[in-house]
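Me: I am new to this structure and would like a close look at a single part of it. Could you pick one spot, walk me through it, and then show me how the chains meet?

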Amino acid sequence: MLDGLLLGLTTVMTLHNLLLVFGGCAAGTLIGMLPGLGPISAIALMIPITYGFEPASGMILLSGVYYGAIFGGSTSSILINAPGVAGTVATAFDGYPLAQKGLAGKALALAAWSSFAGGTLAALMLVMAAPILAKLSLGFQSADYFVLMLLGLSLVSAFSPPGQYLKSLLMTCLGLMLSTVGTDLSAGVQRFTFGRMDLIDGISFLLLAMGTFALAEAVMMVLKQGEQTKPVQLDGMDLRLSAQELKSVAPVITRSSVLGFLIGVLPGAGATIASFLAYGFERNLALDDEKRQFGQGSLKGLAAPETANNAACTGSFVPLLTLGIPGSGTTAVLLGALIAYGIQPGPRLFVDEPGVFWSVIVSMYVGNVILLFLNLPLIPYIAKLLQIPRQFLIPSIMFFSLMGVYLVSFNTFDIQMMVIIATLAVTLRLLEFPMAPLLLGFILGGMLEDNLRRAITLGDGEFSFLIERPVTLVLLGITALVLFNPLLRRGVTWLLERRAGKL
Amino acid sequence: MDFWSEEETFNARSLPYLIALAGALIAGLLLFLPSEDPDTSALVDYQWRQAALLLFLMSGYGAVLEWLGFLPATITFLCLSCAVLGERRILVILAACVPLVIGFWLLMDSLGIYLDPGRWLIWGSQ
């Protein structure tokens with residue numbers, strides 16, 4: 001493990017890569033701060049830039065963007081009560097009241113310190129957990145991977161907001177279906193290309209990510225033009241925290257880091273659930289006096305979700321780096337980037353590409369340090385971006401989204417397809433269909449099919465591979481449990497109500 | 001598909017069939033199970049016309065980009081988008097859009113990325 005850490009350190013600690021982490025953090029903060037644009041859009045917008053770099057450098061830049069975007073989202077939550085992403089909604093509960101009291105600088109500093117501490121503790125846990133899990137998963141076979149991917153896809157739906165379970169599942173199916181467009185490499189057959197040369201290679205994941213997130217978000221901003229954001233007061237911010245304040249939030253940060261990391265490791269759970277759970281957990285633990293302050297500008301109420309969402313971001317790298325299975329929409333985009341660099345993610349990544357594996361882990365930590373010491377003092381200047389009038393901001397987002405895709409293929413067909421995908425995405429979002437499961441289904445679709453085909457071929461055309469190995473069977477059992485969880489819950493509630501009625 | 005592929009247990013058609021089956025089943029459940037309809041009251045106040053115009057502009061940009069060339073097509077696209085979103089001061093629009101596009105073009109040029117100057121120029125010089 002020490003060798004690996006040293007390898008990661010030597011890769012990251014070059015001037016070029018340090019500049020990339022800094023650039024990534026700054027760009028991520030800038031994009032993440034824009035209401036509506038979260039880490040997925042930020043990473044998707046930056047991927048075309050990384051194509052010219054070494055895979056390790058590309059991943060280092062994107063990790064910086066990820067952290068920056070999360071921090072940027074917190075900044076807009078605190079300053080204008082407009083969370084960029086769902087993961088920073090809980091930050092606004094106490095962050096915005098603090099800003100209204102004239103303590104915006106303190107709130108931003110605490111958010112940065114909490115993110116730093118959460119990220120650092122989670123990075124330590126990642127260093128310990130990832131190699132062990134990677135070694136364990138080396139014994140996995142195609143059948144196990146197939147069931148593991150099914151589990152990942154069903155977990156995303158299981159953790160979806162109330163009432164959106166079936167919609168999430170349907171979007172996963174749509175994503176899987178879109179992944180079958182193009183040439184089936186095993187048989188050399190074209191599928192759903194409608195005879196068009198432009199579709200022979202399938203739909204680019206970058207196009208889909210930009211269309212469903214960045215571009216669709218720009219159109220949503222146009223649609224909701226009535227909901228204007230309030231002007232930001234940036235002058236005279238005091239970014240200092242007293243030792244007493246830091247001491248009072250230290251236990252909160254420790255607890256929320258562990259909670260956030262563990263939730264982040266679960267595929268499908270991610271930063272949103274982690275931040276809400278940590279907020280609720282700390283509120284329940286607080287004494288009566290402190291409890292009343294939650295929602296009114298409590299420092300503990302701000303530290304808990306901020307720490308947990310950053311720790312969960314780090315945790316979500318565990319299934320990505322060790323199993324090659326993304327746990328969230330953001331890690332799905334990162335997985336797409338890895339594949340685009342020609343790297344096969346999974347347990348072999350640890351063995352075949354130790355440079356990439358360890359440099360991602362080390363860059364996470366370096367990213368946290370940079371966010372705290374370089375980005376935080378720049379926040380009053382970066383936050384001026386929130387003052388750009390939307391009639392200039394929205395066209396710029398549209399332009400960069402379109403160019404991001406066009407500059408990869410130099411094919412204007414991609415621009416037309418992106419417009420169509422963005423239109424469909426906006427319609428689906430208005431009908432409250434979530435987009436992250438679509439992206440996850442799309443990215444996992446190819447791997448799911450390859451593993452299923454391999455497992456069936458090895459099993460002489462029989463489906464008995466599903467029950468032959470204990471690992472596969474256990475994973476299949478968990479998948480079934482997760483998939484039918486809402487049905488089981490309803491059944492149990494009905495039984496309990498019936499019993500209570502009888503008594 | 002080749003005839004020997006058709007005989008295989010798992011071929012190029014298998015996964016699309018399986019997904020279609022699962023999708024149809026879930027869509028059916030979504031239709032027939034009781035659920036809350038999304039709140040559509042806010043939709044009336046949405047800026048549908050502006051959004052539709054912008055989508056049309058993006059599609060138009062894709063259609064003329066290679067013919068008109070990067071600089072003229074992008075400047076026109078950005079200026080029209082600003083105008084659609086309510087900006088009426090022409091000088092302000094130009095001051096915001098032209099430097100952005102030229103700056104982007106110079107950056108791409110310095111990175112060695114070639115952006116089409118437009119087919120009309122090539123035809124005109126022949």
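Reply: Happy to! Let us start with A:S275, which is buried because 31 other C-beta atoms lie within 10 Å (20 or more within 10 Å of a residue's own C-beta counts as buried, 12 or fewer as exposed, in between as partly exposed, with C-beta atoms placed from the backbone). This is a predicted model, where local features need pLDDT of at least 70 and side-chain atom pairs count only at pLDDT 80 or more, while totals for chains, interfaces and linings use all residues. Residues are numbered from 1 along each chain as its sequence is written, and chains are lettered from A and ligands numbered from 1 in the order in which they are written.

A:S275 sits in helix α11 of chain A, residues 270-285 (helices are DSSP runs of H or I, at least four residues, numbered from the N terminus). Setting aside neighbours within four places in sequence, A:S275 is in contact with A:G87, A:A90, A:P305, A:A308 and A:N309; contact means C-beta atoms, placed from the backbone, within 7 Å. A:A303 is 28 residues away from A:S275 in sequence, and their C-alpha atoms are 9.9 Å apart.

Now for the chains. Here 42 residues of chain B are in contact with 42 residues of chain A. On the chain B side, the elements giving two or more residues are α2 (14-32), α3 (48-68), α4 (70-84) and α5 (90-110). Among these, α3(B) gives the most, with ten residues.

Terms used
Contact = placed C-beta atoms within 7 Å.
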